[in-house]
Amino acid sequence: MLGALLLAAAAAPQAIERFDTIEGWSAQASDGVSSRIASVPGQQGKALRLSYDFGRVSGYAFARKVLPVIFPENYELRFRVRGTGGVNDLQLKFVDASGENVWWYQIVNFRPGAAWQTVRVRRRDLSFAWGPKTDKVLRRTASLELVVVRGRDGGAGHVEIDELELEPLPANPPAPAAPALSDSRAMDGAVATSAPLTSRRPLVIDFGGPRELGGLVLHWAQGSAPRAYRIEGSDDRKRWRTLRTVQNGNGGEDPLPLPATEVRALRIVPEDAASLAEVTLKPVEWGANLNAFTLTAAKTAPRGAYPRGFVEQSYWTLAGADGALDSGLINEDGAIEVGKGGFSIEPFVIEGGRRFSWADVTARHSLEDGYLPLPHVEWAGPGWTLDSALVADPVSQAGRLAAQYRLTNEGATERRLTLMLALRPYQVNPAAQFLSQQGGVSPIGRIVTQGTAVTVTAPGAIDGDADVVRRLRLGRAPGRAAFGTFDSGDAIDRAPLDATSIEDPQRMASAALRYDVVLKPGESFTLPLLIGAKGEPLPAAYDGSAHSALHGAAVSYWRARLGEVDIRLPAAFGHIGDTVRSATAQMLMSRAGPMLKPGTRSYNRSWIRDGAMISDGLLRLGIDQPAIDYADWYSNYLFENGKVPCCVDFRGADPVPENDSHGQYIHLLTQLYRFTGDRSRLEAGWPKLLAAQRYMEGLRQSERTPANQIPERRMLYGLMPPSISHEGYSAKPQYSLWDDFWALRGYKDAAFAATVLGKPEAKAIAAQRDEFQTDLHAAIRAAAVHWKIDYIPGATSLGDLDATSTTMAFDPAGEADRLDPQQLRRTFERYWANFVARRDGKIAWADYTPYELRTVSAFVRLGWRKRANEALEFFLRDRRPQAWNGWAEVVGRDPREIRFIGDMPHAWVASDYIRSALDLFAYEKDDRIVLGAGLSPEMLAGEGAAIRGLRTSVGTLDFGMRTDATRLLVTLGGSARPAGGYLLPWPLSGSPGAARIDGKPARFEAKGLTIPTGAKRVEVRLR
């Protein structure tokens, strides 16, 4: 530790590690990844080489050494690196003595080269990665890790690192001195004065020493801006390098981001004579990236000049084919994102010289038929409307889309209008969204128009990748077009030109296609538009008839696909059934081939928990094949030891241990058997099912230790080990009952499968199931004593309340009846009290996740019919926009406060809604089907409530229930044959009168009316 203390006190750069020996270093890797270390020649002396091979999995390889470091208040790290291999992520991690708190520096999409490169890391670049520590300032660490994380390419390769140094910097550096200018009038704070410049007499700004900048804003004197100029930088005022070249500037104010720039001096060199009124220096964060720059620019721009997502929270929905590899988005303002990460097409209307944007109109949203995934946005302007619609080609698995715009004169006189479609370098997915896909800016390098054809070229996702080309085919050629670049300004602000193309080295090209029309009262102008997938050629023409054919095919496909189960409710509740159908489409559109995913942008990965629960919803709706395909696909990614990866994406299986995954995988395989009856499929899946069960058993046994039998740890004994499967425990793994309820479901299903297949392991698995069940309930009781709580905790290691997680005890675990009834009731009473306080505005709250929809199902199963419906209606109000029948992963109380909201729509949330909505009508409990336990009295009025074709594990169910002045009438049909019959809880206030089942007298018990299998009609007199 003495070395660390001396390091902190030193003023000159000191070596943290010179890598002259690999003594003390060890190579480690995640499941399925190999790693090794070696000492190799470095730039000076020796270097450390970390070799890796990712094989066919995701994960990481790393080299680790115990290396205490005390960090000064301010510092800069430097190291040298080179290597071979594909594009992956490189990380430098500092870990504290607990091993729980981690700080890191990341180079995402690191492309190694043969030459040594020096990496500089400022204090601001080294961030807190994870851990329970509340004080996240980096002061002292105990070990160092060099990590290669599987990125886009994976494969095998190596990285070499040398000369890791730390240079202490002044803790509170003095404010930068005023720079010296060759003409002080350019920075005197007065725009009335200006500095005349020529190519021979540039403006020089000398900072007197190294200065970090984010960029500049140049204010040119009116009428005296150059068409082209250069920004140059120097470290010694002798050797100058070009930092930025501006071509075709538009005068006025030029904001110029200069990311990661540090220079001693700047020089502004015009190609022709110019006059510069003022220069404003901008901080590092201002020009850190195009998103940061655009967010700043949008704050001061006129409202509507930028997409809504740069100034306030925006909302959107998905348009895609079932299982397609790519999809489009349309936002609440009618802007269309052409594909994941792609540019947008944004509508504007011009009348009488005034440009109308999203900020100037009232928008109305709809889905065709009220539920089909064919969204519309209708603008209402002064005397006109514009309808923007998006549809995915149902036969295109690559992601082909089609749009249609209809501009209508709603007034009583003739109108001259212009429809302007802007091709803009922005995604619909806004800048606050990240994870798998960073939202915001979508660079465009080149736009070419030729008649009805438009070609848009964007740079590859990673520097060095090939360009991405997308083509559009317009229903008719635009009458006029304007083009813009970063330097010349956005195309929406520029006058139309005779040009047909534009290139922008800054990759912010834009185009504005104009259609000038004269419309009589009631007349419309309609423009179809075909949007190709990446690199896809398009037909030579796309007219109204072609669009009608594509649109008709999509309507036919989705009506059939979403019509397996028919839900009927009174008009006031019709949105419940419509949202079930829309949510089903959202789950199908979010998948990519066999890969079920919670989303297409932020969550463009497949988690087994999402996939298993989505599959449950699909199976109940009679849509089997996607669940079958998913199980077959995911089975390819189990690790050799039987470990079920928490998630899989294009990189392969993720090694992060999340201990719910094994039970979810086993449940998926057995649910397929229950709903399809395909014994041969269950037999084929048995080896991997058994491997997953055995791996899970090993995890369970690892916690059945004497150390966990002492009083203060008794609530941990025999449970699944701590993990971060529950997002609330990402800072530190916990003993989450979410994991345990899923594990118990896995044990139950493994025992069931073994019995069905007559496997010799059946008895042993059943014994393990029973032992785990006993340990689980004992741990819950011990947690109540340890934490002095009267509810079921979310994690026994915390004693926290998490009712949304506890819903798993009802379904799928089927364990609620074995829990302490008072604890169970208190868990949901506490949740309900908090829910009511939030709903009624009695407590402050910022946001919530609609995973809470699961509580609706729990309330139904608890017999809380009224509460279930109140909660459901609250959640339904937070569909945004409501008419699009979808939820984001996060719902904010202030709908316009910018935040990360996850994918929209979110397919896992959609599955939670579907399961809860279906439970209103019927759910399986043991060997019976419970009927109508969530249907409110209001739903039973008139024609009442009915569901047709609902799938259960014992066949299909047709069920209807309604009331008239004197009776409650129930009808039953379908192929379902539950061994224990049906249970009908009394749905109305008061007590039931005389009951008859198929004309024969029957009697209600405390829990309800038992109806034998095969019954067709129930009639109950109202008192």
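User: Which residues line the largest cavity?

Analyst: The lining is T807, M808, F810, D811, R854, S857, A858, D912, R915, S916 and D919. A cavity here is a set of points, on a 1 Å grid over the protein atoms alone, where a 1.4 Å probe fits but cannot get out; lining residues have an atom within 4 Å of a point. This is a predicted model: local features need pLDDT of at least 70, side-chain atom pairs count only at pLDDT 80 or more, and totals for chains, interfaces and linings use all residues. Residues are numbered from 1 along each chain as its sequence is written, and side-chain values use heavy atoms, leaving out hydrogens and water.

User: Which elements give two or more residues to that lining?

Analyst: Those are α13 (854–862) and α15 (907–921). The largest share, four residues, comes from α15. Helices are DSSP runs of H or I with at least four residues, strands are E runs with at least two, and both are numbered from the N terminus.

User: How many charged residues are in the lining?

Analyst: Five, alongside three nonpolar and three polar ones. Asp, Glu, Lys and Arg count as charged; Ala, Val, Leu, Ile, Met, Phe, Trp, Tyr, Cys and Pro as nonpolar; the others, Gly among them, as polar.

User: What volume does the largest cavity have?

Analyst: About 90 Å³. Volume means the space filled by probe spheres set on the points, with grid points joined across faces, edges and corners. The whole structure has nine cavities of 30 Å³ or more.

User: Now L931. Where is it found?

Analyst: L931 is in strand β44, residues 928–931. Its relative accessibility is 0%, so L931 counts as buried.

User: What does L931 touch?

Analyst: Leaving out residues up to four places away in sequence, its contacts include F921, L957, L972 and I1011. Contact means heavy atoms within 4.5 Å. L931 and L972 are 41 residues apart in sequence, and their C-alpha atoms are 10.0 Å apart.

User: And the chain overall: how many helices and strands?

Analyst: The chain has 15 helices and 52 strands. Of its 1023 residues, 59% count as buried.

Notes: On a 1 Å grid over the protein atoms alone, a cavity is a set of points where a 1.4 Å probe fits but cannot get out, and a pocket is an open set with protein on both sides within 12 Å along at least five of seven lines; lining residues have an atom within 4 Å of a point. Buried means under 20% relative accessible area, exposed over 50%, partly exposed in between (1.4 Å probe, protein chains only).
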